Amino acid sequence: MSGPLALVAAAITDGAGSRAAVAERTGLARDVVDAALEHLQRMGRLTAEQLGSGCPDGGCGTCPSGTADGRAGCGAGALPGRRGPVVLTLATRP
Amino acid sequence: MTEPQPHRVASCHSDGTGAVAPAGAPVVALVGAPNVGKSTLFNALTGARRSVGNWPGTSVEVGRGAWKGRRVMDLVDLPGAYSLDAASPDEELTRALLVDVPACELPEVTVVTVDAAHLARSLYLVSQLRELPLRLVVALTMDDVARRRGITVDAEALGRELAVPVVVVDPRRRAGLARLHDAVLAQLDAPVPAARPVPAGLGEFELADDRFAWIESAVARATTQTAKPGQSWSDRIDRVALHVVWGPLLFLATMWAVFQLTTTVAVPLQDALDTFVAGPMSDLTSTALRGLGAGRIVTGLVVDGVIAGVGMVLTFVPLMAIMFVLLALLEDSGYLARAAVVSDRVMRLIGLPGKAFLPLIVGFGCNVPAIAATRVLSTRRQRVLTALLVPFTSCSARLTVFVLLGAVFFPDNAGTVVFAMYLVSIALIVITGLLLKKTLWRAMGSEPLIMDLPPYQRPTLSLVGISTWIRLKGFLQTATGIILATVVVVWALQAWPVRGEGEFADVPVQDSAYAALAETVAPVFAPAGFGSWESSGALVTGFVAKETIISTWAQTYAVADPEAGGDGAELGAELRRSFDESSGGHPLPAVWAFMVFLLAYTPCVATLAAQWREIGARWTAFGVAVQLSVAWVLAVAVFQVGRLFW
């Protein structure tokens with residue numbers, strides 16, 4: 001029988017797109033789901049990315065619209081305090 | 001050279017390095033995950049009788065103190081650790097002191113700090129410790145926090161499930177400390193309990209899964225949820241905002257309101273600015289330049305070029321400012337993150353990569369960073385496909401043209417017209433994405449992912465202000481940079497006579513090089529109803545940046561009739577006349593066709609440069625071909641169908 005980790009991973013694979021959806025699909029308590037997701041991250045099975053900015057990793061200096069002195073040349077970059085979602089992506093392993 | 005010292009807490013041979021307690025005092029290790037109140041508990045138990053320093057041979061800080069009570073114990077505060085899997089130097093030391101040492105060097109008792117509000121998270125370490133021959137006591141912290149969240153933890157039941165004594169403590173109020181002391185003393189006299197058996201031969205994942213099954217069982221039997229979980233304001237709002245049906249509808253309604261509010265408030269301001277720029281500002285500048293002895297060329301360049309062109313684009317500053325404020329409010333409140341989830345659902349529905357929504361959402365602000373944002377995608381195929389779709393997102397530069405045309409041709413419904421163009425943009429992305437996926441990217445799968453959303457909050461004035469200013473500054477930089485350069489080139493072409501009797505800077509614009517060049521392109525757009533040289537020329541300059549369409553129109557009509565001043569009403573009348581003539585009396589379908597073409601064709605040279613950099617020249621060229629083909633076919637279809645009814 002699958003344990004909570006396997007259930008959570010399967011729920012994500014099957015398309016559960018939020019913690020609430022994972023809890024609903026697996027029947028697990030929200031606390032257990034949170035712990036399982038955190039542990040999957042520690043194991044490297046899930047990778048977390050903060051979204052909400054379209055800026056490249058290298059900052060404005062590596063962006064085509066960045067200025068020569070490395071500042072943002074567009075209106076969308078380098079905004080402080082952006083509050084985007086965090087995406088947790090399940091690594092697919094053979 | 002210093003000999004590295006072996007890791008040990010208690011030893012049959014220990015020299016008691018760093019110990020504050022008297023020699024021979026039983027050693028008690030205090031462990032737990034970070035942020036569960038472990039250090040607060042350590043401070044409460046030891047008071048001032050402690051030392052803090054790096055563990056010998058490591059850079060990891062460890063506290064050590066005398067825990068007084070019925071018996072003095074040597075309490076060692078080990079670094080915070082989620083588990084014994086040694087993913088960090090802190091966890092490595094904890095593992096070394098509890099796992100990798102001989103039995104005689106283990107602490108006599110190990111106290112595990114467990115957060116009652118996040119029980120499952122804290123119990124993984126307990127599950128691993130239970131597999132070792134250790135005397136354990138669980139110190140249950142944060143019980144008050146758990147109760148406030150409607151979670152009641154039955155310490156006795158938890159103790160039975162874990163087969164470990166559980167003591168509820170509140171180190172800040174010094175509650176439960178004596179009971180914890182007694183529980184540890186009791187363990188000192190007890191035999192080492194049997195380790196929890198785990199099935200043999202399990203892999204890393206299966207072993208972790210087995211531990212979680214044990215944890216889940218303990219949590220289920222030891223906790224009760226006295227209040228329904230998930231009742232925060234954020235969750236309540238999300239029930240609608242993330243609903244499969246209501247979520248997208250709410251998102252669309254929100255965006256409609258944004259455009260409606262933007263156009264309703266901004267258009268009168270824009271008209272006033274427009275009248276000022278085209279009237280008093282142009283007149284005063286002309287008079288001043290003449291007074292300074294400037295010739296016809298300089299006056300023409302400044303008044304008909306820079307002021308007419310750049311000035312017209314700058315009249316959109318209030319509109320952009322209002323739009324950016326509204327978007328910043330939505331972003332800072334946390335709503336835009338929900339919109340991303342709604343978009344993500346659509347992406348999944350049509351089989352596009354789930355994370356592709358991010359660059360596309362960014363693209364609605366500006367396509368250039370959106371192309372850079374395709375780097376979040378994990379495969380090159382996904383990056384290429386998404387980079388090809390980004391130019392179909394309706395950036396804020398196109399917004400200025402939509403607003404101008406909406407205000408001129410649909411004055412009572414300008415906001416709805418702009419909103420409709422955003423819907424067309426979304427439809428274009430979805431349909432083109434599906435077509436490309438069905439043809440070029442059949443084998444592309446989507447990644448399994450979940451999204452964590454920030455809670456809603458009241459937007460902060462400073463963040464909204466900074467966000468608005470940064471975006472507005474970008475708009476101003478474009479207007480005074482690349483648009484100014486384009487304005488000068490367009491003015492020179494419009495001042496250059498190629499037919500008729502005129503001379504440089506004194507030629508009817510229809511006899512200029514600009515008009516002659518535009519006329520060679522115009523027939524291409526005749527089936528779409530906007531095959532005039534004025535519209536075609538503007539679309540050509542629009543390759544540089546979409547705002548230049550406005551500046552070019554303003555220059556064209558200012559040069560065509562300099563005495564008229566080219567104010568907003570005049571520009572509107574000229575546009576109506578031009579579209580009416582080129583469409584054979586069907587200006588409204590022609591305007592829709594023009595806006596659809598504007599939406600679908602190449603956004604700007606900066607986007608092309610970004611595409612070139614991210615996906616290479618071949619795909620960039622392919623993208624331009626697709627954009628022009630899609631734009632032309634759609635524009636012709638819109639006009640030809642529209643003229644039947646309109």
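**Chain B: a helix, its loops and a UniProt record**

For "binding site", an unreviewed UniProt entry lists N43(B), A44(B), T46(B) and G47(B); such annotations may be inferred rather than shown by experiment, and their positions follow the numbering used here, with feature names shortened. This is a predicted model, in which local features need pLDDT of at least 70, side-chain atom pairs count only at pLDDT 80 or more, and totals for chains, interfaces and linings use all residues. Residues are numbered from 1 along each chain as its sequence is written, while chains are lettered from A and ligands numbered from 1 in the order in which they are written.

Visitor: Is G47(B) buried or exposed?
Guide: G47(B) lies in the loop between helix 1 and strand 2 (50-54) of chain B; helices (H or I, at least four residues) and strands (E, at least two) are DSSP runs, numbered from the N terminus. A residue is buried if 20 or more other C-beta atoms, placed from the backbone, lie within 10 Å of its own, exposed if 12 or fewer, and partly exposed in between. With 11 such atoms, G47(B) is exposed.

Visitor: In which helix is N43(B) placed?
Guide: N43(B) has 16 other C-beta atoms within 10 Å and is partly exposed. Its place in chain B is helix 1.

Visitor: What is the phi of N35(B)?
Guide: N35(B) lies in the loop between strand 1 (27-32) and helix 1 (38-46) of chain B. N35(B) is not a glycine, yet its phi is positive, at about 65 degrees.

Visitor: How far apart are the end C-alpha atoms of helix 19 of chain B?
Guide: The expected span of a helix is 1.5 Å times one less than its number of residues. The 14 residues of helix 19 (residues 482-495) of chain B should therefore span 20 Å, and this agrees with the distance between the end C-alpha atoms, 20 Å.
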